[in-house]
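Good morning, and thank you for coming.

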Amino acid sequence: MHRTDCSAGNADIPPECYRRFALCAPEGVDPGLCHEVATCERVAPACGTGRTPGVANGCYTGACIPDDVCEPL
């Protein structure tokens with residue numbers, strides 16, 4: 001997963017198009033959402049500061065999503 005980074009200042013790429021690496025996930029795997037409520041019994045992954053456990057279909061996905069790429073509340 002990549003995030004738009006308008007502060008990069010790359011001369012060859014307009015800032016609004018520059019995309020910086022944010023999260024690694026297997027191809028075709030959805031890391032989930034940051035603000036979905038987990039309702040299953042799977043344990044949340046231990047995410048470091050600035051990351052939120054991803055949830056999809058009510059269960060933790062195992063992904064730790066950077067807070068700055070989380071969906072809006």
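To which cysteine does a disulfide join Cys47? The partner is Cys64, and the S to S distance is 2.1 Å. Please bear in mind that this is a predicted model, and that the values are computed from it. The torsion about the S-S bond of Cys47 and Cys64 is -85°, which makes the link left-handed. As for location, Cys47 sits in the loop between S2 and S3, whereas Cys64 belongs to strand S4, so this pair ties together parts that are 17 residues apart in sequence. Cys47 is partly exposed, at a relative accessible area of 23%. Cys64 has a relative accessibility of 17% and counts as buried, because the limit for buried is under 20%.

How many disulfides are there in total? The count comes to 3. Let me turn to the pair formed by Cys34 and Cys70, whose sulfur atoms are 2.0 Å apart. Here the S-S torsion is about -75°, so this disulfide is left-handed. Cys34 is found in the loop between strand S2 (19-21) and strand S3 (51-56), and Cys70 in the segment after strand S4 (59-66); the pair therefore ties together parts that are 36 residues apart in sequence. Cys34 is buried, with a relative accessible area of 9%. Cys70 is buried too, with a value of 17%.

There remains the disulfide between Cys40 and Cys59, with the sulfur atoms 2.2 Å apart. Cys40 lies in the loop between S2 and S3 and Cys59 in strand S4, so parts that are 19 residues apart in sequence are tied together by this pair. Cys40, at 26% relative accessibility, counts as partly exposed.

What pattern do the disulfides follow when bonded cysteines are counted along the chain? The pattern is 1-6, 2-4, 3-5.

I now come to the strands. In which sense do S3 and S4 pair? They pair in the antiparallel sense, over 5 bridges. S3 and S4 form a hairpin with 2 residues between them. In the turn, Asn57 has a positive phi of about 55°.

To bring the two topics together: strand S4, which pairs with S3, holds Cys59 and also Cys64. The cysteines bonded to them, Cys40 and Cys47, lie in the loop between S2 and S3. Thank you; I am glad to take questions.

How values were computed
Residues numbered from 1 in each chain as written. Predicted model: local features only at pLDDT ≥ 70, side-chain atom pairs only at ≥ 80, totals over all residues. Heavy atoms only, no water. Disulfide = S-S within 2.5 Å. Helix = DSSP H or I, 4+ residues; strand = E, 2+ residues; numbered from the N terminus. Buried < 20%, exposed > 50% of the residue type's maximum accessible area, 1.4 Å probe, protein only. Pairing = 2+ DSSP bridges.
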